[in-house]
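Welcome! Here is a short briefing to read with the sequence and the 3D view side by side. Take your time and find each part as you go.

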Amino acid sequence: MLTIGDFARASRLSAKALRRYDELGLLPPARVDPFTGYRYYAEEQLERARLIAWLRGIGMPLAEVGRVCALYASDAAGAARAIRGYWARVESETAARRDLAASLVDRLKGPTEMTDERADATADGATGGVSGGTTGATACETAHGVGVAPAGTAGRPAFVLRTAVRLDRGLVRAVQQDAAHAGPHLLAVADGYGPEGGRAALAAVGALEAVPPPAPSARAGDVLNALEDAVRAADGAVSGLAESGTTLTAVVWTGGRLALAHVGDSRAYLLRDGAFVRLTRDHTVVQALVDAGELDPAEAADRPDRALLLKALDGGDAAPEPELGVHETRPGDRYLLCTDGLSAVAPADGIRRALAAGVGPEEAAEALVALARERGGPDNVACVVADVVPA
């Protein structure tokens, strides 16, 4: 038996940490002296203690440390997968914070041609998601020609958003579990999964509709804060739907900028002057491996775990932090928000061609749905096409 001091030195954990782990049931001593209260540890406990020290060293929360340790006792390979999954999530969240930092730096320097852009190098490979869908035809068709923009000479908006929404069940799924919204200032798509996935997607999009229309002079930070609060509200709206959740990708338009919030693997794209740019990063295990250089993008589409999400709105104990960004808009810009029923099925170049075909948002949205159906329509599709046009 080792005293707590000897065990602390051998395990490289402090005596204070050992007492804390005892209180939490994470690493109770082998024996406690009933008279003095001294803690004694068995040498066999050193392996678990060192594992805890290593897991804490990579920043793993105590609750997850406990689960990994319990798993390690019966399934070492499973524990290794859990650690890898945790680290992939850390890298994905770090990448999202890096992108937000870059966006803020660009914003503070002043307007740029394109803020926080990333070429869609992984559009054909790093896709996937946990989603539901249906069979059937178009479920919703709307078009809007309203928006908020800097005032023109007559006090009216100089530019507006002209949008089209399409929902399609696809050719395989039995029910529709995607949702979409296109209003004067808010665009959103959600991809539900699980037995209540349809309700989850609708609840998340409904919560986003509470975002107030921003004034043309609104600061980017204020708009992002409002959007982030709405995403947290959306996560709360999903709470209670057993084993279900949803992705969510949404933008708020002020007329000169788009504020974007993103959780999951639905996507936002920009077509500008023929250049096709993806504005979001998939929150999936596969994308995290691609970002870390452990997986070639060309191999990602064939991965069996390509649909495994690192982030989603599921009403859990802690709402996931959304990926946030601010993007300058210009007349002639065309934006696409879509679920992975389109992006995981259709090649990036096919999506670009459909958007660049010189037709209006309604026809472009129809062409995108047709493109997914031509490739088998294995999943639901939700898409929003929005053009920045003169008022």
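Of the 391 residues in the chain, 51% are buried.

**The chain as a whole**
- Take the contacts between residues at least 6 apart in sequence: 70% of them join residues at least 24 apart.

**How confident is the prediction?**
- The average pLDDT of the chain is 83, and 84% of the residues score at least 70.
- Residues 111-154 need care, as pLDDT stays under 50 there. The model still has 181 contacts beyond four places in sequence for this stretch.
- Where pLDDT is low, the predicted coordinates should not be read in detail.

- Is β12 mostly covered or uncovered? It is mostly covered, with six of its six residues buried.
- In a regular strand, side chains alternate between the two faces of the sheet.
- On one side of β12 you can find Arg267, Tyr269 and Leu271, and on the other Ala268, Leu270 and Arg272. Both faces are covered, and all of these residues are buried.
- β12 runs antiparallel to β15 (residues 334-338), and five bridges join the two strands. To see this pairing, look for Tyr269, which stands opposite Leu336 in β15.
- β12 is also joined to β13 by four bridges, again in an antiparallel arrangement. Here Leu271 has Phe276 of β13 as its bridge partner.

**Two residues with a positive phi**
- Most residues other than glycine have a negative phi, and most peptide bonds are trans.
- Asp273 is not a glycine, yet its phi is positive, near 50°. You will find Asp273 in the loop between β12 (267-272) and β13 (275-278). These two strands form a hairpin with two residues between them.
- Why is Asp273 called exposed? Asp273 counts as exposed because its relative accessible area is 69%, and the cut-off is over 50%.
- Arg12 also has a positive phi, about 65°, although it is not a glycine. Arg12 sits in the loop between α1 (4-11) and α2 (15-23). Its relative accessible area is 77%, so Arg12 is exposed.

**Helix α6**
- α6 (residues 197-208) has twelve residues. From its first C-alpha to its last, α6 reaches 17 Å, close to the 16 Å expected at 1.5 Å a residue.
- An α-helix has 3.6 residues a turn, so residues three or four places apart point the same way.
- Which residues of α6 are buried? They include Gly197, Ala200, Ala201, Ala204, Val205 and Leu208.
- The cover over the buried residues of α6 includes the strands β7 (178-182), β8 (186-193), β9 (245-246) and β10 (248-253), along with the helix α7 (220-238).

**A three-stranded sheet**
- Three strands make up an open sheet with antiparallel pairing, in the order β1-β3-β2.
- β1 (2-3) and β2 (31-32) stand at the edges with a single partner strand each, so one side of each has no neighbour in the sheet.
- β2 is joined to β3 (residues 39-41) by two bridges, and the two strands run antiparallel. Within this pair, Arg31 stands opposite Tyr40 of β3.

Key: Residues numbered from 1 in each chain as written. Predicted model: local features only at pLDDT ≥ 70, side-chain atom pairs only at ≥ 80, totals over all residues. Heavy atoms only, no water. Buried < 20%, exposed > 50% of the residue type's maximum accessible area, 1.4 Å probe, protein only. Pairing = 2+ DSSP bridges. pLDDT = per-residue confidence, 0-100. Contact = heavy atoms within 4.5 Å. Expected span 1.5 Å × (residues − 1).
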